[in-house]
Amino acid sequence: MTTQAAFVTNLQRALGQNIRQYGMFIALFVIMIIFSITTNGIFISSRNLSNLINQTGYIAVLAVGMTLVIVIRHIDLSVGFLAGFLGAVAAIALRFWDLPTIVVVPMVLVLGGLAGLLTAFPVAELKIPSFVASLAGWLIYRGALQLVTAGTGTIIIDDETFNAIGNGFIPDVAFSIVPGYHTLTLLLGVLAIVAFVISEIRSRNKKLAYNFEVLPTDMFVLKLVFISALIGLLAWIMAGYNGLSWTMVIVLVVVAIYHFITTQTVLGRHIYAVGGNPEAAELSGISVKRITYIVFASMGVLSALSGILFASRLRSATTTAGTLFELDAIAAAYIGGVSAAGGVGNVIGSIIGALVYVSLTSGMNLMGIDIAYQYIVRGLVLVAAVVFDVTTRRRGRAG
Amino acid sequence: MEPPILEMRQITKEFPGVRALDNVTFSVKRGEIHCLVGENGAGKSTLMKVLSGVYPYGSYSGEILIDGQPQRFFGIADSERVGIGIIYQELALVPELTVYENIFLGHEISRNGVIDWNETIRRADEMLRKVRLNVNPAAKIRDLGVGKQQLVEIAKALSREVKLLILDEPTAALNENDSENLLHLLRELRDHGVTCILISHKLKEVLSVADTVTVLRDGKTVCTLDAHKGEVSEQALIRNMVGREITNIYPPRNHQISDEVMLELRNWTVYSPELGRYLLRDVNLQVRKGEIVGLAGLMGAGRTELALSLFGNAPAYRISGELWLKGRKHTFHHPREAIAAGLAYVSEDRKAKGLVLIQDVRQNITLANLQALAKNGVIDRNAEIQVAEGYRKSLNIKTPTIEQQVVNLSGGNQQKVCLGKWLFVRPDVLILDEPTRGIDVGAKYEIYQLMNRLVEEGMSIIMISSELPEVLGMSDRIYVVSGGRIKGELPVAAATQEKIMELAVDY
């Protein structure tokens, strides 16, 4: 076989094995290209993409938490109004209690964690369906949000540190490499690429030392080039407009932490085992109860973070903040490939799902499409994504 | 001469790799109680599923004749139409519906789709009187005891004018009183012209009600005995039920059993508030270092409950008695504690309780002991791969890679993955619940060899098995469990299939 033919075979094999994983990326690219054409390039502009990613932030963090909730065969409907309510609590603490951001943020995150434990209690202890337990939370937090904003209506936040979370960008360095571009963002991009390449090579060398199977060299290089290009492109686009936003930094950190927990730790493995077969997990010494508490608590913390991002972005807490966030997060997770049957789904997929979801909104807004049609299109995309996921999974199993 | 109400001729039914029924012939006379007996896995339930249409015409070979007429059943509805009613061990009632709704479920008395409730209740009352069950027809099923539920099932069958009533182990979950009532009712129904087929493990029951008994063994009809000619006796039944060839498939072993007691149960009693009865009573047993102890008995005797209760996986049970492990008394509230103390339990239902089917071989093998591979909660992936590869080789797990989802493996290889998982926790006492159920002969032999190797290395094994040859071939010592009690303890040298079966059917 010629080297060229071998390369094609390798590529086909690598793609074939991971069609579901790459499918999501491909879908996102296709959507972006379509919108770039229909909006004469406005969609792909640095400014628009930067905005788009900032808008995705508060849904993205919810989608990350929701992924784990769905993986362990539960659902949490309370997260939208919990985010709205905790956003209002943050606003009140800043405005009326005169607390600094550095105190308010951790306080609200802790409250979120406690709220998650509260939702988990009837689920874990009494086996109440999480749909019902969290629906109760949905009602309660909706009421609580109206209660705390009843006297004041919309609470304007004037703390600039807090508002920077949703609107600010990372500072730049004093010198410039490419004129008109955010230098620190470019440097961080280069740093990320270098770190990625080094860690991949080290992990591959370690595997080779153990004599484990690794990707063929050509595929490995292709993977490195492809992902490096992706990181570079993202950094380039962001650097073209104010640089990396704080929202993006937060989302990246959350994704990195959750990706690490789910793929590298005992806790992550236990979560997926509980989702895959709770009885087998229990008999293997894993406490299903404990995992339930942990996953709901993490969901609560991320709801609080979502509330902070949203309130900060609007520079205010409104009486309807958080409305339908939960359904957007659930849709993003399903588009990203989680399965209601449990044990399947990953954080990266859900983030891509959230990006697909927000891209649709943003792109259609730019095109001036009526909101009524937007809902219909989003619905169709959700169904198409899940159908694709289910059919490719079935094929994967047969093979 | 009048043809028999039921004749099944040369019925053969195959599942992948197993011939469950092999040329079975079974004939039932009108108006008799015909008992069907045999060991677990002899083919009784399969035969009844063929008869009721659960396995449709075409999925087996052979003929079914009702009143001399050949029949082709493609589903349960077809067999019901000719008057066959079957009542399974797991009752098919809807707990949240009332007695009368359940009796007419699927055959509602209605006009133009609207149910006539008055007529329904009147007819239900009539049926309940027939089975002599004195309950309010408007009571919910879940508020009735198992015995009464059983009678509702029979009432349901009678409402469909059943001519041939099949009961699969109807008394397995009943207490003595309810059982006695049920048997009495069967005699009454027979006198009113309903023919009954009764599947039962309880030989006393069989002796008291049967007009005729057919014995199945390994998917074949062994004999049909007529009670009225004095052919039916306990000895005759046991002799025909067992007597399976013990072929030389059990590898010899060379091991030392020390005097050190590894595990001991004292007056172990388990009560289920949900079922309202004792699952186990006053169980005393000992397992020594390097010993294989067999727990023999029939399905439902309480052996799995014994394993789960001592493994800490019995939140719904009330347990009394003492569990001693390596000279220390323990109370386990969760399997995690039992594992930490040196126990491991390989479940009898590997798909539902043993494996995470959508995960791969590697993840399943390391699941119960991930801590051993982790530093600060982070798994060392390369060490994990080494462990999984190690078990793949040593247990000869046939899989293309350890990244293969276990759902794609054969039964025998899935079982090896389960074993690998539990060996990796390095237990002192390994409980194997039906370790070779549903796996092929080759894999069985490998598992037996593995068991030998483990006891030679000093592990202790408790083996729950319903296969008598396996119990006799692999155990050093045998406890026979029946009705939640230890009915006897036999050293393997003194045990025979007949002796075990005698104890196992003694309720």
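## A walk through chains A and B

Select A:Trp236 to begin: with a relative accessibility of 39%, this residue counts as partly exposed (buried is under 20% relative accessible area, exposed over 50%, partly exposed in between, with a 1.4 Å probe and protein chains only). You are looking at a predicted model, where local features need pLDDT of at least 70 and side-chain atom pairs count only at pLDDT 80 or more, while totals for chains, interfaces and linings use all residues. Residues are numbered from 1 along each chain as its sequence is written, chains are lettered from A and ligands numbered from 1 in the order in which they are written, and side-chain values use heavy atoms, with hydrogens and water left out.

**Stop one: the rings**

Over all chains, the whole structure holds 16 aromatic pairs (rings of Phe, Tyr and Trp, the last by its six-membered ring, with centres within 6.5 Å; planes under 30 degrees apart are stacked, over 60 edge-to-face, the rest tilted). Since A:Tyr181 sits in the loop between helix 7 (160-167) and helix 8 (183-209) of chain A, and A:Trp236 in helix 9 (residues 217-239) of chain A, the pair ties together parts that are 55 residues apart in sequence (helices, H or I of at least four residues, and strands, E of at least two, are DSSP runs numbered from the N terminus). A:Tyr181 is partly exposed, at 25% relative accessible area.

Now hop to chain B and pick B:Tyr391 and B:Phe424, whose ring centres are 6.2 Å apart with planes at 70°, so the pair is edge-to-face. B:Tyr391 and B:Phe424 are both buried.

Back in chain A, select A:Tyr58, A:Phe310 and A:Phe325, which ring pairs link into a cluster. Then try A:Arg204, which lies over the face of A:Phe220, 4.6 Å from the ring centre (a charge sits over a ring if NZ of Lys or CZ of Arg is within 6 Å of the ring centre and within 35 degrees of the ring normal). In chain B, the charged end of B:Lys13 sits over the ring of B:Tyr55, 4.4 Å from its centre.

**Stop two: where the chains meet**

Show both chains: 38 residues of chain B are in contact with 28 residues of chain A (heavy atoms within 4.5 Å). Which residues form a salt bridge here, with their closest N and O atoms 2.6 Å apart? Select A:Arg269 and B:Glu384 to see that salt bridge (a side-chain nitrogen of Lys or Arg within 4 Å of a carboxyl oxygen of Asp or Glu). Between chain B and chain A, the count is one salt bridge. Colour helix 13 of chain B next: with five residues, this helix gives the most to the side of chain B that touches chain A.

**Stop three: salt bridges**

Over all chains, there are 35 salt bridges. One joins B:Glu322 and B:Arg266, 3.5 Å from N to O. This pair links distant parts of the chain, with B:Glu322 in strand 16 (residues 318-325) and B:Arg266 in strand 13 (residues 261-272) of chain B, 56 residues apart.

Return to helix 13 of chain B, where B:Arg392 and B:Glu389 lie three residues apart, about one turn of the helix. Their salt bridge brings the closest N and O atoms to 3.1 Å.

Finally, select B:Glu489 and B:Arg477, which meet in a salt bridge of 2.8 Å, N to O. B:Glu489 is partly exposed at 46%, whereas B:Arg477 is buried at 8%.
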